[in-house]
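Please consult the sequence and the structure shown below while reading.

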Protein chains: 4
Amino acid sequence: MSGNTIGKVFQLTTFGESHSPAIGGIIEGCPAGLFLDYNFVRKELDRRKPGYFGSTPRKETDEFEFLSGIENGSTTGAPIKFIIKNLEYKPSDYQDISGVFRPSHADYTYFLKYGKTEAGGGRASGRETVARVVGGAVAKLLLQKPGIEIRGDIETIGGEPYDPVKTAGLVQVALNSGDTLGGTVTCRISGVPAGLGEPVFDKLQADLAKAMLSIGSAKAFEYGIGFEAASMKGSAYNDQMTVKDGKIIFLTNHDGGIQGGISNGQEIYFRVGFKPVPSVKLPQSSVNQEGEQVEIRISGRHDTCHVPRLVVVVEAMAALVLADHLLRNA
Amino acid sequence: MSGNTIGKVFQLTTFGESHSPAIGGIIEGCPAGLFLDYNFVRKELDRRKPGYFGSTPRKETDEFEFLSGIENGSTTGAPIKFIIKNLEYKPSDYQDISGVFRPSHADYTYFLKYGKTEAGGGRASGRETVARVVGGAVAKLLLQKPGIEIRGDIETIGGEPYDPVKTAGLVQVALNSGDTLGGTVTCRISGVPAGLGEPVFDKLQADLAKAMLSIGSAKAFEYGIGFEAASMKGSAYNDQMTVKDGKIIFLTNHDGGIQGGISNGQEIYFRVGFKPVPSVKLPQSSVNQEGEQVEIRISGRHDTCHVPRLVVVVEAMAALVLADHLLRNA
Amino acid sequence: MSGNTIGKVFQLTTFGESHSPAIGGIIEGCPAGLFLDYNFVRKELDRRKPGYFGSTPRKETDEFEFLSGIENGSTTGAPIKFIIKNLEYKPSDYQDISGVFRPSHADYTYFLKYGKTEAGGGRASGRETVARVVGGAVAKLLLQKPGIEIRGDIETIGGEPYDPVKTAGLVQVALNSGDTLGGTVTCRISGVPAGLGEPVFDKLQADLAKAMLSIGSAKAFEYGIGFEAASMKGSAYNDQMTVKDGKIIFLTNHDGGIQGGISNGQEIYFRVGFKPVPSVKLPQSSVNQEGEQVEIRISGRHDTCHVPRLVVVVEAMAALVLADHLLRNA
Amino acid sequence: MSGNTIGKVFQLTTFGESHSPAIGGIIEGCPAGLFLDYNFVRKELDRRKPGYFGSTPRKETDEFEFLSGIENGSTTGAPIKFIIKNLEYKPSDYQDISGVFRPSHADYTYFLKYGKTEAGGGRASGRETVARVVGGAVAKLLLQKPGIEIRGDIETIGGEPYDPVKTAGLVQVALNSGDTLGGTVTCRISGVPAGLGEPVFDKLQADLAKAMLSIGSAKAFEYGIGFEAASMKGSAYNDQMTVKDGKIIFLTNHDGGIQGGISNGQEIYFRVGFKPVPSVKLPQSSVNQEGEQVEIRISGRHDTCHVPRLVVVVEAMAALVLADHLLRNA
C-alpha cells in the first residue's frame, strides 16, 4: 500500500533511492510489438539532466538498461524492467547537514514516519524522477501511433514570464545570493481522441492532477482556464459549439479538452506550479533530530532552479496517464 | 476499470444514475466498532440539499438506508452498503433539450464514449455526489477518534469574496439574467497526525488533488500557498523551524502541512476552483446528435450557483482521502 | 483489504450478512448493451433454493432487484447494483447454540478475529452465495455471445457415484441419524476460445482454483486429470496433437483445456470436493465462549446435504472467472 | 492486467524471461527493519538448483543482487528490487524443436495468444520460479518473528511413496527410456496465529490454492483431508473441541487449520499434485506453426523429474500468501 505504482492498465512501478546502486522501474501492460526506440529514451533522459542554466553542477550520467520485456528491439507484452545506475552519487554532498531537518524538505516527515531522514537516502529524492522519465518515454512511443503529442513549456520562473536570456540573469542573481527559484510549467496535449477518461473518480483531469501533484515540488494544478473559471459567468465560460464545413467545432476551449471527465477531442491543456528548490545556501532556522534549534546552511551541489529539468517530468507523467486511459478505453 | 472506487484501504464505490431507482455506495475497509451516528449522516446530507440561495427549487429528499455492515448501530467490519432513493426525479426537467449537446456539459463526450448523452440519465449527474457525502460522513466519524477535523468554506462566488448578503444579491442578478456563477472553496484540516501519505505516487497532496478534481465542475487545485509559491524565493518560501517551550514548531506553513508527500502535523489547507453551472437559460449555440447547428436555451429547475452545496462535497472527498491514509498508516 | 471483491476487469463485490436486511452486490466492468434476462437470473437463483432432497425445510424466497446500471432491460456500462431481500430469516434457528462454537464452523475463528461468532450473523453464511449466483448469472449472459457454456454436475454424494434414486435414500439415512453428507461436483466449460489466462500468477487454473476454494465448504480442486497426473509418465500424460481434416486436434485432454495458464480451445474441466455440512444433530464435544467444554446438538432447519445446491454456485464462480479473463483479453 | 503481481499488502512482482539478460522481481510492502539474511536467500536458491537426482545437467548459477530497499543489511520499507543474472542459457538447448509445438507445453497457447511460442523464450519457463524463491525467502524471514514455519516434503514420485533410494531407481528407469515423472508435495505450516484470512473471496485456502496452481505444472490442490472429506459423514469429519489443561484443543484437524477461511491456530497442511515434465525424449505426435503434423523428440538438457526442485517453490508461494495475510491482519 506504499503507492509505488501508477496506472491501472499501463502501469509504472518505480524503485530505488538516491543512494541505492540503481534506480529503475517495471512497466506492465505495455502491448506487444511496440518498437522501443532507445535513442528517444536517451534524448528524454538528457532533457532531465543537469546542464541547463541554474542546474546542479553534478554530472548525472543516466545509463539505462532494459532487462526484460523486449526482443529484437520491440516489446513482447511481458513486464518491461529497466534500471539506471547511480554513478555519480557522493555522500559528501549530504554529510554536513546530517541530523538536521532541512526546511521544507521531506527530512522531518520522513523522520517521523520512518525513523530516518530523506537526507539519509530516501525515495523523496528528485533522482526518482529519472525512472518516471523512462516510463514516460515508453508511454510517449505508445501514444505516437494514434498521433497524441505532449508538449511541456516553461511558463514563468521566479514570477517572471519565461525568456531564456532574462531568466538566465534572474537565476544568476539568485545563485549569487545563495537563494533558489520556482516556476510554472504549461502542458499541451494534441491529437487526443474523444472518449478517454472515466465518469466518476477516474476522470481524466483527476488522474492528471494526481500525476502532477505526485511530482515532488508541485503545489498547484489547473486545467483549461482553471481558477479563472471561478470568476466567470456560465454564459461567458461555456464552450459553445457550431458546425463548420460539416464538422462539429467548439468556439472556445475553456474546458481544456475534457468534459464530464472525458476528452472531447480538443487540445488538453493544464498548468502546474512548482515551489522553489528548498536547498538554499542562506542561513535558516531549523531543528535537529535531538530536538534542538540550530542554524543550517545547505552547501553541496544543488539546483538553483529545477523548473527547466521538470518539463520532461511533467510530460512523462502526462504520457503515463494518457497511455493508461488509452488502453483502458481500448 | 471504470473507476467507480476511490481509496485503497478505506474504499468507497458509488453506483446509480440520476434516473435509476436509487443511488448509493459500498464502503469497504471501515474498521469494526465505529458508532454510526445517523443524525450526523442526515445533517451532512442536508448541507448538500437545495435550499441555499441560488440553488435549484427542486426538493431533494435524501432518504438513506444502510443495508449491511452495521449491527446495533455500530460497524461490523463487513462492507457497508447504503442506498438513497431517487424520490424527486422529473424527466420533464430534461426533455426539451433531449438530442442537443448542452455546452460544457458531459453530453457530447458521453455521446461519443457511450452512444448516449448524460441528459439521458448518466453518471455525470451532480446527484452522484449524494453518495460521496454519505461515504464522507462515515469517514468523518472515523476521523473523529484521532481528532481530525475538516472544515470547508466558500471563499469567493462570481469572483467576489464571499459575504452572505452581498453574494445573495450577486446570485439574484445572475438568476434574473438567466446566467450562472462559479466560485472557490477553501478547506482546512486540523488534528492530522504526522506521517500520513506515501513518498512516491500516493503523496497525500496527490490523492487530495485527484479527489477534488473528481468533483464534476472543479477546474483547479492548490495546496499550501499554491501557485504563489512559484513566484517566491526559496529563502522566503521555506517553512523554517524552531523550538518553543520544548516543542518543535514551524515559523510558517507555506507547505500546507505536507512535506515530501507526508503530513507534518501542521494544518493542511487547500483551495478548489469551480466553474459556473453550465445550465444557463440564455441562448447558446450548440449542435444536436444529427450534427446540425442549433440554438439551445436550458430551462428546467437548475442551480444558479452550486458552490454552497459543494462545500460538504469537498469535505467529504477530503475525509475519504484522510481516512484511507490513516488506515494505510495503521 | 477484506477481500469482498473478485475479478480485475469484470468484478463482483458482495455485501450483506445472513441477518442484515438485504444481501447483494455490485458488478463492475460489465460492458454496455448486454440484455439482462431477468427470467434467467430467476432460474439460476431457483437452482440454489432449498427444495432438493436433503436441503433445509427453510423457504428462501430470493426476491432480487437491480438498482442501477440497467436501462430498458440492458446494461449501460455503469456499475450494476442488485439486492436480494432477507425475507425468511428466523433468529430462533440459531439461538439455542449461541455462545458455543459449532465444530468445523467459522464460529471459533470469527470469534478470535472479530470478537463475535458467525452464529451471531456473519459473512460466512451460505446465504452470501446468493449474491454470487446473481453475479454469475450476469457473467453467464455475457459468455453466451462468444458461445461459452458452463455445466456443473454432481459427481458423488457421501462417497457414492451420484444417482438420483440411490442418493435420496443415502440422504434419508443420514437425516434419520442426525448426520450430514458431502460430495464432489464436476464442471465442464465448452466453447472457450484459445488465449484466455495470463502466464504468471493469474493463470486461468489459478483463478479457477481460488474461485472454487472461496466457496465455504470446498476442500479440494483439481483440473484436467488432476492428482492422477502425478502418477503418470510424461509420454502417457502429454496431450499429443495431430491434424485432421486440415484442423489441429489433440489426441487427449489430460491438461483440461489449459496449458501454460492459457486456454487452448479444448474443453476445460475440473472437480471440486466439498466437506459435509457441519451442522449435525448428533451430540458433539465443543467449547463455549467462556472456554468451558460443553456438549452441543445443533437443531434448527439445516441442509443434510448441500451439494446439489452448490452446483449452480460452482458454475457461477467459474462464469465470473471466465468473464473476467474474456474481458482482460479483449 | 497481465497478472505479474501476487499479494495485496506484501506483494511480489516478477519479471524476466528465460532468454532475457536477467530475471527478478520487486517486493513491495515489506516492513522496515527486517534483517535480510543473504545466506538464507542463497540456501533457498540452492534448494531449487539442479543437482538433485533426475534434474537437468544444466548448471544454473543463481547470482542474485538486491538493488534497492535495503540499507545496512536491513529493509527500509521501500520497494525491494532484486535481479538474478541468466548466466547459463544456451539457445542450442531449444533450437532443434523451434517451430514445433511441444505437447503439453505452453508453446501452442502462447503462439495463439502472443504469436510466438514459449520455446522462443517466454514467461512460462520454469526459470521464472527463481524469482518466486527469492521473494519467498524474504517472506520466510518476515514470518520467523511470529514463529511461523513452513515445511514442504516430497510425498510421492511417479505414483510411489517417496523414498530416496527407491526413487532414484525409478528416475533412472524413466531417464533411460527417455521418459519423465511427476509427483506430489505436501506442505505443513506451524505457528500460524489464529485470525489470518478473510471471510469471503480471500479465504486463506483460496489464496493458497491460487498460489499453488500458479506453479507451472501443478494440477491439483487439497487442504486438510481434502477430497476424502467428500466421502465422510459430518459427525466423523467435524473437528470437535475440548478443554485440556485449561486450553482449548481440537480432537482432530480435518479442516487443516482453516475454518471459514480463517486460520484457527492448528497446523495448516495441504497437498499439491504435479504432472510429469512435458519434455520427453520419446517420439510424440505434434504440429508445427505451419499447421503440419510432425513427429517430435525433445533432446536437450531437461529434468527427468522436477518435483524435488519444486518443494522450495511450494514453500515460497505459501510464505508469500502467509506474509500477505499476516500484514493484512496487522
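In which sense do strand β2 and β3(D) of chain D pair, and over how many bridges? In this predicted model, strand β2, residues 11-15 of chain D, pairs with β3(D) in the antiparallel sense, over five bridges. Within this pairing, D:Q11 is placed opposite D:E28 of β3(D).

Strand β3 of chain D, which spans residues 22-28, also pairs with strand β7 of the chain, residues 80-85. These two strands run antiparallel and are joined by six bridges. Here D:A22 has D:K85 of β7(D) as its bridge partner.

The two pairings are set out below.

Burial of β3(D) is considered next. Seven of the seven residues of this strand are buried, and the strand is described as mostly covered. In a regular strand, side chains alternate between the two faces of the sheet. Both faces of β3(D) are covered: one side carries the buried residues D:A22, D:G24, D:I26 and D:E28, while D:I23, D:G25 and D:I27, likewise buried, lie on the other.

Chain B is superposed on chain C by a rotation of 180 degrees with 0.1 Å of shift along the axis, with an RMSD of 0.0 Å. That is the relation of a two-fold axis. Among the residues of chain B, B:I26 comes closest to the rotation axis, its C-alpha lying at 4.3 Å. Because 100% of the interface residues of chain B are also interface residues in chain C, the copies meet through the same surface.

Definitions and conventions
Residues are numbered from 1 along each chain as its sequence is written. Chains are lettered from A and ligands numbered from 1 in the order in which they are written. This is a predicted model: local features need pLDDT of at least 70, side-chain atom pairs count only at pLDDT 80 or more; totals for chains, interfaces and linings use all residues. Copies are superposed by least squares on the C-alpha atoms of residues with pLDDT of at least 70 in both. Two residues are in contact if their C-beta atoms, placed from the backbone, lie within 7 Å. A residue is buried if 20 or more other C-beta atoms lie within 10 Å of its own, exposed if 12 or fewer, and partly exposed in between; C-beta atoms are placed from the backbone. Helices (H or I, at least four residues) and strands (E, at least two) are DSSP runs, numbered from the N terminus. Two strands pair if DSSP finds at least two bridges between them.
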